[in-house]
Structures are given as structure tokens and as C-alpha cells.
2 protein chains.
Amino acid sequence: MPDEVAVKAWRELSRQYAALSCALESALQDRHQLGMSEFEVLDRLVGAQDCTGLRMQELGEQIHLSQSALSRTVARLEKDGLVERKLCASDRRGVFVHPTEAGRERHAAARPTHREVINTTLGG
Amino acid sequence: MPDEVAVKAWRELSRQYAALSCALESALQDRHQLGMSEFEVLDRLVGAQDCTGLRMQELGEQIHLSQSALSRTVARLEKDGLVERKLCASDRRGVFVHPTEAGRERHAAARPTHREVINTTLGG
DNA sequence: GCGCATTCAATGCACATGCAACTAACGTAC
DNA sequence: GTACGTTAGTTGCATGTGCATTGAATGCGC
């Protein structure tokens, strides 16, 4: 790929990401008191119907966030009562995270906003 | 666009942006002591061959950064001697930013890295 | 059992970012 | 000329992030 084309692609990628992440961040915050990272975590947790929840590590593979950032995002969600952390019995270094009932409700309320903003921003 | 397709597109966008911005950030930092935002600013300044430089406002339109973040990015570049700020004579609220010789050299050294990382990451 | 490297997650710290408030300069109305 | 609204850019502050370190638990070699 010629350099100039690649750079153009990068700028376009960057532009789209900035527009969408910014729109998501403010819409989710305004309407549902959720940051984008918080929503992403909730979304993965609710999406994984395994009732025991996901390990931090599994979350980390799906969400692009450093390990420390993920740890703190989950901590914020826990403080707000949206997820719970449980020690993993078989490997006591591990931590299972699963949504609370309040977490499921908040996610259900926020999901339409998420979808709508994505459609609007990517479409327009 | 069906919701699920849009969400998939967003996740893919997010994944690509994370991979590329992360790779750029670390490569530029390691090899040229430049953050990604700093390089972007330099790149626009050198690209605009107007020898008087660009106004902060013009930079802001091209780079996706809040006004305050841009102001501080330029301040860092100035502190490192890579750009200079000059008051605009016709409108003394405005600020012209233009690269110094050192800034041009640093940019020239970093540009191949930038292009290479983009090609490698977008290609692979 | 006893070390020792490895893995998982949390925390101290530095830093870049965004928002809101602020300062300075411009332009207009009068 | 004075007052007022607007625009350009900077700064105080709170916050989210990454890197490196730490602490705990695991597994392996012996």
C-alpha cells in the first residue's frame, strides 16, 4: 500500500473513532450515567450468559483497556452496585465478575442508546 | 443498517484504532521521543508549507483534540524547542504556530517510523 | 516439603485529556 | 468613547489511562 493512501486511511480511521467514541461517551453519560468503558464491560458481561460471570482476564481480551484500567473500571461498576466480584474457587488468584440485577437493568436501558448512536454516527 | 452489523463495525473500528494508536504511540516515543499527538501537530505544521505557520484554530480543525489538549500539546512542543508561537499581528487573540529547524528535523526523522507502523499494522 | 519463576489482579504514580472558568482582544451598537 | 456580546487561547481542576511495582496464589523442579 502506498504511504499516502495508508496515512489517509489512518486519518479516516482516527476521525471516525474520535467522532463515534466521543458521541457514545456523552450520550451514555448524559442519559444513563455510564462511561463508554463501563458500558462495554457491562455489555460483555450481559452478553456472556454464563451465570458465573467472566474472569478479569477474559474481559481484558475483549475490551481494549490495560489491565489496570480494566481493574478500575470494574471497581467503579462495583461501587455503583452494577457488578459483583467473586473470588474464583479453583484458582484463587482469579476474579469472576458478573452483573447484578441493577447492572442488567442499566445495561438494558442503555443498549438502545448505544445502538442508536452507532447507527446515527456511522451512517451520517 | 441492522444493529448487530453496526455494533460489529464499531468493535472492529475500535480494535483497529486501539492497535494502531497504541503501536504508533510506543514506536514514536521509543524511537523519537514524540507522543502521537505531538507528531500529528508537527506533521500538519510541516505539511502546511505556509511559512507563517498555522493558527491554533486551524490545527484544532485538523486534529481531533480538545482546545485545551491542543494548547498543552503545543506548549510541550515549544518547551522542547520543536515549535514556536507567535502572536498574530492582524488579530492579536490568534496565535501562529510554526516548526523550528529542530522541529523539522525531528519530524523528518519520525515520519518513516510513522508510515512504517501504519503500513505494518493496517496491513497485518 | 522448599524454593522459584509465573500468573492474576490491585495500587502508586505520572501524565494526557476534557470541561468549565478565565483573560485578552475584537466588533458592533449606541 | 463605552458597554456588551463574541471569539481565541490558556489554566484550574477532576478524572481516566498506562507503566511499573506489589501481593497473593499457582505450578514446577527437586
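## Close-up views of a predicted protein–DNA model

**Figure 1. B:Trp10 reaches across to chain A.** Setting aside neighbours within four places in sequence, B:Trp10 is in contact (heavy atoms within 4.5 Å) with A:Tyr17, A:Leu20, A:Ser21, A:Leu24, A:Met36, A:Glu40, A:His114, A:Ile118 and A:Leu122. Please keep in mind that this is a predicted model, in which local features need pLDDT of at least 70 and side-chain atom pairs count only at pLDDT 80 or more, while totals for chains, interfaces and linings use all residues. Residues are numbered from 1 along each chain as its sequence is written, chains are lettered from A and ligands numbered from 1 in the order in which they are written, and side-chain values use heavy atoms, leaving out hydrogens and water.

**Figure 2. The largest nonpolar core has 22 residues.** A nonpolar core is a set of buried Ala, Val, Leu, Ile, Met, Phe, Trp, Tyr and Cys residues joined through side-chain atoms within 4.5 Å; buried means under 20% relative accessible area, with a 1.4 Å probe and protein chains only. In this core, A:Trp10 and B:Trp10 touch the most other members. Helix 1 (3-32) and helix 5 (101-123) of chain A, along with helix 1 (3-32) and helix 5 (101-123) of chain B, each give two or more residues to this core; helices are DSSP runs of H or I with at least four residues, strands are runs of E with at least two, and both are numbered from the N terminus. A second, separate core holds 18 residues, among them A:Phe39, A:Val41, A:Leu77 and A:Val95.

**Figure 3. Chain A on its own has 5 helices and 3 strands.** The C-alpha trace spans about 55 × 35 × 20 Å along its principal axes. Of the 124 residues in chain A, 40% count as buried.

**Figure 4. Chain B can be laid on chain A by a turn of 180°.** The shift along the axis is 0.0 Å and the RMSD is 0.0 Å, from a least-squares superposition on the C-alpha atoms of residues with pLDDT of at least 70 in both copies. The two copies are thus related as by a two-fold rotation axis. They meet through the same surface, because 100% of the interface residues of chain B are also interface residues in chain A.

**Figure 5. DNA strand C has 22 residues around it.** A residue is near a strand if one of its heavy atoms lies within 4 Å of it. Those that come nearest are A:Gln57, A:Gln67, A:Ser71, A:Arg85 and B:Ser66. The side chain of A:Gln57 has an N or O atom 2.6 Å from a phosphate oxygen. Bases are approached too: a side-chain N or O atom of B:Ser68 is 2.9 Å from a base nitrogen, and a polar side-chain atom of B:Arg72 lies 3.0 Å from a base oxygen. Helix 4 of chain B supplies the largest share of this surface, 5 residues.

**Figure 6. DNA strand D has 23 residues around it.** A:Ser66, B:Gln57, B:Gln67, B:Ser71 and B:Arg85 come nearest. Phosphate oxygens lie 2.6 Å from a polar side-chain atom of A:Ser66 and 3.2 Å from a backbone N or O atom of B:Val95. Here helix 4 of chain A gives the most to the surface, with 5 residues.

Definitions and conventions
A polar contact is a pair of N or O atoms within 3.5 Å; within protein, one must be able to donate a hydrogen and the other to accept it, and residues adjacent in sequence count only if both atoms are side-chain atoms. Buried means under 20% relative accessible area, exposed over 50%, partly exposed in between (1.4 Å probe, protein chains only).
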